[in-house]
Amino acid sequence: MGKYKVVVLRVAGAVVALLATVAAVTAGGGMGP
Amino acid sequence: MLLPLLLSVIPAVLVGWALKGRLLGLAQLRLRGLWLIVAGLAAQVVAAVSAGSWPAVANFRPAIIVVAYLLVLAGLARNWRIPGMLIVLLGFAMNFAPILANGGQMPVSRETMEAAGEGGLVANVAEGQPVFGSKDVLLSQEHTRLWMLSDTLIIPPPIRRVVSWGDFVTYAGMAYVIVLAMRRGKAQEQHSEPALAAA
């Protein structure tokens, strides 16, 4: 796998991890549909 | 996940780019103990779905929510050195405080839900009962401890969500984490290969 693909995957992984962190602190992001 | 994406991640990436930051910086973030945060999130999902679906589990719902938040706290604590993460921890504390003060669930009032146009979700929910699909419990303002920190803020249509001040602090904190990481990516770009710098 090329170095560029590795970087893209690591960026995507970091974004998902940060999203999961925010969702965990806010319990999904508030009350609603 | 929609609200964190709209109010935190997407604006932060746009601001990061405007400040000439690079997504490469996100790839260099080293989040530790991520399994604790994911486990906490999974436990919250179980607690949220249990109300009305799994009566046996619903009996333990407040305890599950508290344990879930303790798992998330353990995960956040392992990352407190990441620049900006202390703001996320502040948002966590602002959410966890009313949950602890009200027996393990986040209070939301019928009036707030109706004002948000979501009164139908609590039409058949009695005072003190859990709200399906959330960590919330239906409580009137006079029966809510730390009311100001509970779910009182309304995001208007088309989003239509009831959130807390702690949620907003968390969104801002995570946005700050992302912008700072992207700025560090810019600094490191000068020492990286062209292919990486383009990221």
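A crossing of two helices is left-handed if the near helix is turned anticlockwise from the far one by less than a right angle, and right-handed if clockwise. Helices here are DSSP runs (H or I, at least four residues), numbered from the N terminus.

This is a predicted model: local features need pLDDT of at least 70, side-chain atom pairs count only at pLDDT 80 or more, and totals for chains, interfaces and linings use all residues. Residues are numbered from 1 along each chain as its sequence is written, and chains are lettered from A and ligands numbered from 1 in the order in which they are written.

Axes are lines fitted to C-alpha atoms over the stretch in contact, with angles from 0 to 180 degrees between N-to-C directions.

| Pair | Angle | Axis distance |
|---|---|---|
| α5(B) (residues 61-77) and α6(B) (residues 85-101) | about 165° | 11 Å |
| α3(B) (residues 34-50) and α5(B) | about 160° | 7 Å |

That makes α3(B) roughly antiparallel to α5(B) (an angle over 145 degrees), and their crossing is left-handed. Their contact takes in 15 nonpolar, 4 polar and 1 charged residues. For these classes, Ala, Val, Leu, Ile, Met, Phe, Trp, Tyr, Cys and Pro are nonpolar, Asp, Glu, Lys and Arg charged, and the others, Gly among them, polar.

α5(B) and α6(B) are therefore roughly antiparallel too, and α5(B) passes α6(B) in a left-handed crossing. The residues of this contact are 11 nonpolar, no polar and no charged.

As for the two chains, 24 residues of chain A are in contact (C-beta atoms, placed from the backbone, within 7 Å) with 45 residues of chain B. Chain A's side has 17 nonpolar, 5 polar and 2 charged residues.

Methods. Helices (H or I, at least four residues) and strands (E, at least two) are DSSP runs, numbered from the N terminus. Angles under 35 degrees count as roughly parallel, over 145 as roughly antiparallel, 65 to 115 as roughly perpendicular and the rest as oblique.
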